[in-house]
Amino acid sequence: LHSVVGFPLAHAVSLLSIFFIAMLLGRIAGSRLARRYTPIHLLGAALLIAIIGVVLLWQASLPALSLSGMALAGFGIGNLFPMSLAAAVISAPKQLSAATARMTLAGGVAILSAPLLLGAWADQLGLHSAFGLVPAMLLLALLIIIAMRS
């Protein structure tokens with residue numbers, strides 16, 4: 001928001017709250033939609049929304065587009081862990097403890113390693129270019145979900 005779109009640094013930092021508010025709203029919407037749709041369908045939708053949002057945020061140089069992308073990214077990303085956990089639990093009902101433990105471990109590893117990986121790429125390629133890794137990882141996850149359903 002600061003270096004690409006041109007917001008003053010203080011505004012860019014403040015506007016980051018849009019992402020976290022959208023994550024909260026996404027989780028609320030996801031919990032309501034989970035009463036009607038399966039977690040695997042909601043996970044696919046969340047990944048698609050997150051991909052669109054991240055690409056829009058990453059590529060947009062107009063303030064309204066970049067902020068819209070940030071909101072969409074937050075809305076989609078907010079449901080990735082809960083819907084992944086629900087999908088894992090449904091797919092292994094007789095191994096509930098193992099499924100939840102592995103998902104929690106995977107989430108922790110992702111939270112720990114993703115910023116380090118992104119930072120290492122940013123050191124090599126620049127911050128803007130390194131963010132191209134994010135939609136690529138989200139797209140890979142979506143393709144895995146699609147392949148699992150086939």
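The model is predicted, so local features need pLDDT of at least 70, side-chain atom pairs count only at pLDDT 80 or more, and totals for chains, interfaces and linings use all residues. Residues are numbered from 1 along each chain as its sequence is written, and side-chain values use heavy atoms, leaving out hydrogens and water.

Start inside. The largest nonpolar core has 19 residues. Such a core is a set of buried Ala, Val, Leu, Ile, Met, Phe, Trp, Tyr and Cys residues joined through side-chain atoms within 4.5 Å. Buried means under 20% relative accessible area, exposed means over 50%, and partly exposed lies in between, using a 1.4 Å probe and protein chains only. Leu43, Leu47, Val54, Leu80, Val134 and Leu138 have the most contacts inside the core. At least two core residues come from each of helix 3 (39–59), helix 4, helix 5, helix 6 (96–125) and helix 8 (133–149). Helix 3 gives the most, with 7 residues. Helices here are DSSP runs of H or I, at least four residues long, numbered from the N terminus; strands are E runs of at least two.

Now take helix 8. It has 17 residues and reaches 25 Å from its first C-alpha to its last, close to the 24 Å expected at 1.5 Å a residue. The expected span is 1.5 Å times one less than the number of residues. Leu133, Val134, Pro135, Leu138, Leu142 and Ile145 are buried in helix 8. Their cover includes helix 3, helix 5, helix 6 and helix 7 (127–130). Leu138 is in contact with Leu47, Ala50, Ile51, Val54 and Leu80, leaving aside neighbours within four places in sequence. Contact means heavy atoms within 4.5 Å.

Helix 4 comes next. Its 15 residues should span 21 Å at 1.5 Å a residue, and its end C-alpha atoms are 21 Å apart, which agrees. Ser66, Leu67, Gly69, Met70, Ala73, Gly74 and Gly76 are its buried residues. They pack against helix 1 (9–15), helix 2, helix 3 and helix 5. From helix 3, look at Gly53. Gly53 is buried because its relative accessible area is 0%. Gly53 touches Gly69, Met70, Leu72 and Ala73, not counting residues up to four places away in sequence.

Asn79 sits in it, between helix 4 (63–77) and helix 5 (80–91). Asn79 has a relative accessible area of 7%, so it is buried. Beyond residues up to four places away in sequence, Asn79 touches Gly26, Arg27, Gly30, Ala46 and Ser84.

Helix 6 holds Gly107 and Ala101. Gly107 counts as buried because its relative accessibility is 16%. Ala101, at 45%, counts as partly exposed. Gly107 and Leu85 are 22 residues apart in sequence and 9.5 Å apart in space, C-alpha to C-alpha. For Ala101 and Gly76, 25 residues apart in sequence, the C-alpha distance is 23 Å.

Finish on the surface. Ile21, Leu24, Leu25, Ile28 and Phe75 form a nonpolar patch with about 450 Å² of accessible area together. Helix 2 (residues 17–33) supplies the largest share, 4 residues. Patch residues have over 30% relative accessible area and no salt bridge; like charges are joined within 9 Å, and nonpolar side chains (Val, Leu, Ile, Met, Phe, Trp, Tyr) within 5 Å. A salt bridge is a side-chain nitrogen of Lys or Arg within 4 Å of a carboxyl oxygen of Asp or Glu. Leu24 lies in helix 2. Leu24 counts as exposed because its relative accessibility is 53%.

Notes
Accessible areas come from the Shrake-Rupley method with a 1.4 Å probe; for residues, only the protein chains shown count as cover.
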